[in-house]
Amino acid sequence: MFTGLIEHLGTVSVIHCDDGGCTLTISQSAPILVDCHVGDSIAVNGACLTVVEFDIERDGGYFKVWLANETLSRTDLGDCEVGDQVNLERAMGAHVRFGGHFVQAHVDTTATILMRASDGDSLRFLFQLPEPTPERPSLLPYIIPKGYIAIDGTSLTITSVDDAKRTFGVMLIQHTQQKVTLGRKSDGERVNIEVDMVGKYVEKSVLAALEGGGGEVLRSHIQRVVKDTLLNDGNFSLSATTDACV
């Protein structure tokens with residue numbers, strides 16, 4: 001589990017790819033390696049990856065991670081080049097304050113930067129999601145104004161949503177611009193997106209209840225809401241409503 005508060009910017013120093021996937025070596029990362037062990041999880045641009053090797057002394061502190069083909073297809077990490085900086089966050093400790101939001105670092109998809117514009121000391125960004133497919137349905141139901149979203153692993157507040165255009169916007173204050181990679185990205189570049197996992201669980205629970213599964217308490221609440229809505233509409237009798245909800 002992560003918070004979406006980026007701890008450090010590392011630098012991609014070595015990339016090795018083959019048919020099975022890709023290995024990234026990320027250097028200049030000593031500040032987040034002081035308590036590192038092989039097998040630990042580090043979020044790299046918002047993707048939870050396993051440390052397979054590290055050395056806190058060499059190259060300013062480096063670590064290696066393996067990217068499976070699934071990770072490469074879901075994230076922007078396949079676009080990385082040697083010298084690129086990446087957002088880094090260690091898995092959350094139980095003793096620390098929770099300052100962002102619940103982030104699994106399981107990237108859902110990528111989005112494309114359509115526009116960036118200055119707004120005083122802040123930067124506004126507009127992103128577009130890809131066309132939905134049966135394998136990867138639309139994420140727009142989980143994106144709402146003033147809700148939260150993880151972009152390249154950074155916890156940000158959504159400022160606007162346009163479902164018809166598949167777009168949403170965020171704003172970066174000056175402090176955040178200096179601490180994460182997004183402030184340096186340009187129009188047309190991709191970013192990793194992880195939407196609200198709580199919304200996904202709620203949706204699944206509600207759908208299960210409507211289809212006859214799920215807990216009886218949730219099912220009875222949904223039936224009552226549907227019944228009250230139909231009664232308030234004035235076009236249905238109580239008996240018809242009751243029959244429809246049984």
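Let's start with Thr167, which sits in strand S11 (residues 167–172); helices (H or I, at least four residues) and strands (E, at least two) are DSSP runs, numbered from the N terminus. Thr167 counts as buried because its relative accessibility is 7%, where buried means under 20% relative accessible area, exposed over 50%, and partly exposed in between (1.4 Å probe, protein chains only). Leaving aside residues up to four places away in sequence, Thr167 touches Leu114, Leu126, Phe127, Gln128, Ser160, Val161 and Asp162, with contact taken as heavy atoms within 4.5 Å.

A word on what you're looking at: this is a predicted model, in which local features need pLDDT of at least 70 and side-chain atom pairs count only at pLDDT 80 or more, while totals for chains, interfaces and linings use all residues. Residues are numbered from 1 along each chain as its sequence is written, and side-chain values use heavy atoms, with hydrogens and water left out.

One of the neighbours of Thr167 is Phe127, and that residue takes us inside. In soluble globular proteins, nonpolar side chains tend to be buried together. Here the largest nonpolar core has 23 residues, and those with the most contacts inside it are Phe127, Ile149, Ile151, Phe168 and Leu182. A nonpolar core, by the rule used, is a set of buried Ala, Val, Leu, Ile, Met, Phe, Trp, Tyr and Cys residues joined through side-chain atoms within 4.5 Å. The elements giving two or more residues to this core are S7, strand S8 (122–128), S9, strand S10 (154–162), S11 and S12. Phe127 itself touches, among others, Ala111, Ile113, Ile151, Phe168, Leu182 and Val191, not counting residues up to four places away in sequence.

Four of its five residues are buried, so by the under 20% cut-off S12 is mostly covered. S7 and S12 pair in the antiparallel sense over four bridges, and Thr109 stands opposite Ile193 in S12. Strand S9 (residues 148–151) also runs antiparallel to S12, joined by two bridges, with Ala150 opposite Glu194. Two strands count as paired if DSSP finds at least two bridges between them.

Side chains of opposite charge can pair when their charged atoms come close. A salt bridge here is a side-chain nitrogen of Lys or Arg within 4 Å of a carboxyl oxygen of Asp or Glu, and by this rule the count comes to 10. In one of them, Asp79 meets Arg190 at 3.0 Å, N to O. That pair links distant parts of the chain, with Asp79 in the loop between H1 and strand S6 (85–90) and Arg190 in strand S12 (residues 190–194), 111 residues apart. Asp79 is partly exposed at 41% relative accessibility, and so is Arg190, at 29%.

Another salt bridge joins Lys200 and Asp108 at 2.5 Å, N to O. Because Lys200 lies in helix H3 (residues 197–210) and Asp108 in the loop between S6 and strand S7 (109–119), the pair ties together parts that are 92 residues apart in sequence. Lys200 is partly exposed, with a relative accessible area of 30%, whereas Asp108 is buried at 11%.

For a local example, go to helix H1 (residues 69–74), where Arg74 and Glu70 lie four residues apart, about one turn of the helix. Their closest N and O atoms are 3.1 Å apart, and the two form a salt bridge. Arg74 is partly exposed at 23% relative accessibility, as is Glu70 at 47%. Elsewhere, Glu7, Asp35 and Arg90 are linked in a network of salt bridges.

Asn45, in the loop between strand S3 (41–44) and strand S4 (47–55), counts as buried because its relative accessibility is 4%. Its contacts include Asp76, Leu77, Val86, Asp152, Thr181 and Asn192, not counting residues up to four places away in sequence.
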